Amino acid sequence: MKIINYREIEGRSSGFLILLAILGLLALLGLGSAHYMEEHGHVVTGMTNQIVWGIPHVFAVFLIVAASGALNVASIGSVFGKSFYKPLAPLSALLAIGLLGGGLTVLMLDLGRPDRVIVAATHYNFKSVFAWNVFLYSGFFGAVAIYIWTMMDKTVSSYTKPAGYLAFVVRLLLTTGTGSIFGFLVARQFYDSALLAPMFIIMSFSYGLAIYLGVLMASYKWTNRPLGDAVINRLKNLLGVFIAAVLLLVTIFHMTNLYFTKHHGVEAFILLNGGIYTSLFWLGQIILGSLVPLVLLYAPGISKSRSAIAFACGLVILGGLSQMYVTIIGGQAYPLVLFPGYQESSSFFDGVVHNYSPSLPETLLGLGGMAIAGIIVTLGLKVLRFLPLSLADSVADPHAK
Amino acid sequence: MNEQNKTAEQVIEDYSRRKFLGTSAAVGATLAIAPGITLLDMAQARPADQAASSKNRWGLLIDSNKCATGCDDCVSACFKENAIKEGKKETDSQWIRKIELKDMQSGRTSSLPMMCQHCAEPPCVDVCPTGASFKRADGIVLVDRHICIGCRYCMMACPYKARSFVHEELTDQNPDVPRGKGCVESCTLCVHRVDKGEQPACVEACSSSGKNAMIFGDLNDPNSEISKRIAETATTQVRADLQLNPGVRYQGI
């Protein structure tokens with residue numbers, strides 16, 4: 001392989017400034033919304049005592065899951081020794097940090113007492129999956145930061161491989177922890193499954209790579225740097241494999257539930273008669289988020305088109321957000337069963353499907369998290385050498401003639 | 001006199017007076033009923049400087065056969081005692097609620113109050129990242145208002161939907177029951193009353209109404225009324241499959 005030259009992006013064009021301005025505005029709106037929510041209480045959101053986690057968690061969990069997935073490209077290079085992926089590694093690590101930063105910001109600002117975030121950092125209950133995650137989040141930041149350092153500083157480049165291994169192990173633990181936040185909820189019909197941990201890992205592969213590929217294509221296009229088909233084709237084929245793997249895990253998850261009579265109610269709710277959740281599952285997650293991207297990525301005639309690939313990446317992201325909405329909110333909308341075999345009713349909405357409609361502030365907070373991730377990545381590309389000057393086939397492809 | 005300005009002697013004197021009143025009430029309650037039968041187990045007041053002990057495990061026995069559909073005296077008493085605004089919005093706190101049940105096979109209906117079940121193995125305590133959700137030595141599950149960050153993970157974990165999140169600013173609080181916007185809360189088993197040797201407000205209201213569907217007492221004391229009843233009668237734990245060993249038992253469901 002040729003020597004790869006990494007360069008900062010110039011970051012002076014009007015396009016760059018407009019992008020930053022849009023992201024900055026969205027981030028400010030998100031922060032303003034968080035302040036509004038803190039002042040007035042969560043009564044200004046759509047969240048209730050029935051749907052306790054809402055759209056902010058949809059964005060936050062999506063971003064955190066995607067963060068660990070975005071690091072995959074780097075891991076394939078450092079852990080699995082595929083030299084083809086090594087030039088792609090720095091951007092992969094930057095995206096991982098950006099996405100996690102955005103996700104955690106949302107999670108933190110949605111707390112009932114965001115002013116007490118220091119309490120979360122100083123008081124630990126070591127039996128809590130959430131507390132484990134606090135360590136995993138900070139461990140992930142640390143591991144990826146060290147990894148980036150070993151990639152950028154020639155004097156410590158011999159440590160790149162162990163740093164890559166460390167980051168890989170932490171990213172697997174991180175997604176296991178995120179999936180287990182739901183998997184360990186023993187009382188809820190739609191969670192309570194160890195399968196959620198591996199499912200979240202494979203989902204992270206898919207979401208993270210879709211974001212990676214989208215950002216890679218956009219940044220090379222907007223900076224007029226060459227990006228050859230070799231890189232694109234390999235990544236888009238890999239994305240297809242990940243999408244199919246998510247479909248497999250989702251199928252197993254629902255089949256397992258369908259086999260257990262006690263889960264028939266919640267499965268019927270998600271798959272058949274859950275209104276918005278059923279629509280988001282079939283249309284958002286399965287058709288638009290999985291099947292259409294598979295066609296776009298693999299169908300002869302279409303799959304070479306960069307626009308089709310970029311569109312597929314966008315659909316995978318939307319499908320991922322749908323999947324999070326169905327999992328997090330759909331799982332809570334179905335009423336908790338306290339007395340199996342009985343019809344329940346109460347003033348606290350027992351036995352009825354719970355309503356949720358996201359309000360503007362909480363939606364802006366979620367979008368703000370996305371924007372913060374975008375700002376971290378955009379500024380990172382400008383100040384440090386994350387992107388190779390060229391990823392043309394002659395540079396990136398070891399088989400290029 | 002302001003509570004904070006009392007001297008130690010005055011506090012002790014006050015406490016002795018309360019203890020005397022509590023004991024008198026207990027004697028009165030015992031005398032009022034036929035010898036050997038005590039309807040209410042009077043909790044013994046614990047000195048303020050003494051920590052809660054695992055020698056006690058406070059619990060409730062609820063007889064749904066005696067609990068009338070439409071009666072919500074226990075709910076009103078709880079709201080009044082804990083200064084909870086009586087509202088039925090989806091964002092309003094409800095520490096206790098009446099659940100109406102209908103057997104889907106037989107059509108038989110029953111009614112019962114549902115609140116924090118004060119589990120011996122509480123999932124809310126397991127999942128709380130900061131340790132704000134905790135179980136006192138005497139089995140009462142509480143939230144430490146000072147370290148609750150309002151993440152609501154405990155609400156996701158509770159099998160009984162027993163917890164509420166305070167969605168808006170609160171006014172007119174009961175100083176004995178501090179609450180706070182942005183924190184999670186639930187039935188405290190009227191810990192402020194229990195520590196004074198009194199009954200939880202819901203239990204008191206239920207017996208005042210003459211229904212006597214709720215018994216409060218020490219599950220660790222084999223001679224307590226609640227322990228005797230549980231030893232004699234078939235009782236149910238809600239979601240017994242989870243093996244959380246709740247401190248609240250039900251009869252008649």
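Colleague: How many bridges join β1 of chain B to β8(B)?
Modeller: Five, and the two strands run antiparallel. Strand β1(B) covers residues 58-63. Strands here are DSSP runs of E with at least two residues, helices are runs of H or I with at least four, and both are numbered from the N terminus. Two strands pair if DSSP finds at least two bridges between them.

Colleague: Which residue stands opposite W58(B)?
Modeller: D218(B), in β8(B).

Colleague: Before I go on, what am I looking at?
Modeller: A predicted model, in which local features need pLDDT of at least 70 and side-chain atom pairs count only at pLDDT 80 or more, while totals for chains, interfaces and linings use all residues. Residues are numbered from 1 along each chain as its sequence is written, and chains are lettered from A and ligands numbered from 1 in the order in which they are written.

Colleague: Back to the sheet. What is the strand order?
Modeller: β8-β1-β9 in chain B, an open sheet of three strands with mixed pairing.

Colleague: Why are β8 and β9 the edges?
Modeller: β8 (214-218) and β9 (248-251) each have a single partner strand, so one side of each has no neighbour in the sheet. On average, neighbouring strands are turned by 20° against each other, direction ignored. Axes are lines fitted to C-alpha atoms, for helices over the stretch in contact, and angles between N-to-C directions run from 0 to 180 degrees.

Colleague: Now the two chains. How many residues does each put into the contact?
Modeller: Chain B gives 44 and chain A gives 40. Contact means C-beta atoms, placed from the backbone, within 7 Å.

Colleague: Which element of chain B gives the most to that side?
Modeller: β2(B), with seven residues. By class, the side of chain B that touches chain A has 22 nonpolar, eight polar and 14 charged residues. Ala, Val, Leu, Ile, Met, Phe, Trp, Tyr, Cys and Pro count as nonpolar, Asp, Glu, Lys and Arg as charged, and the others, Gly among them, as polar.

Colleague: And what does β2(B) pair with in chain A?
Modeller: Strand β2(A), residues 342-346, in the antiparallel sense over five bridges. In one of these, E344(A) has L101(B) as its partner.

Colleague: Since you mention α2(A), at what angle does it cross α7(A)?
Modeller: Roughly 155°, with the axes coming within 9 Å; α7(A) is residues 160-183. That makes the pair roughly antiparallel, as angles over 145 degrees count as such, under 35 as roughly parallel, 65 to 115 as roughly perpendicular and the rest as oblique. V61(A), I64(A), V65(A) and S68(A) of α2(A) meet R171(A), L174(A), T175(A) and T178(A) of α7(A). The classes are four nonpolar, three polar and one charged.

Colleague: What about α8(A) and α12(A)?
Modeller: Helix α8(A), residues 196-222, packs against α12(A), residues 306-333, at about 140° with the axes 9 Å apart. That pair is therefore oblique. Among the contact residues are M203(A) and Y207(A) in α8(A), and R306(A) and C313(A) in α12(A). The contact has ten nonpolar, five polar and one charged residues.

Notes:
Two residues are in contact if their C-beta atoms, placed from the backbone, lie within 7 Å.
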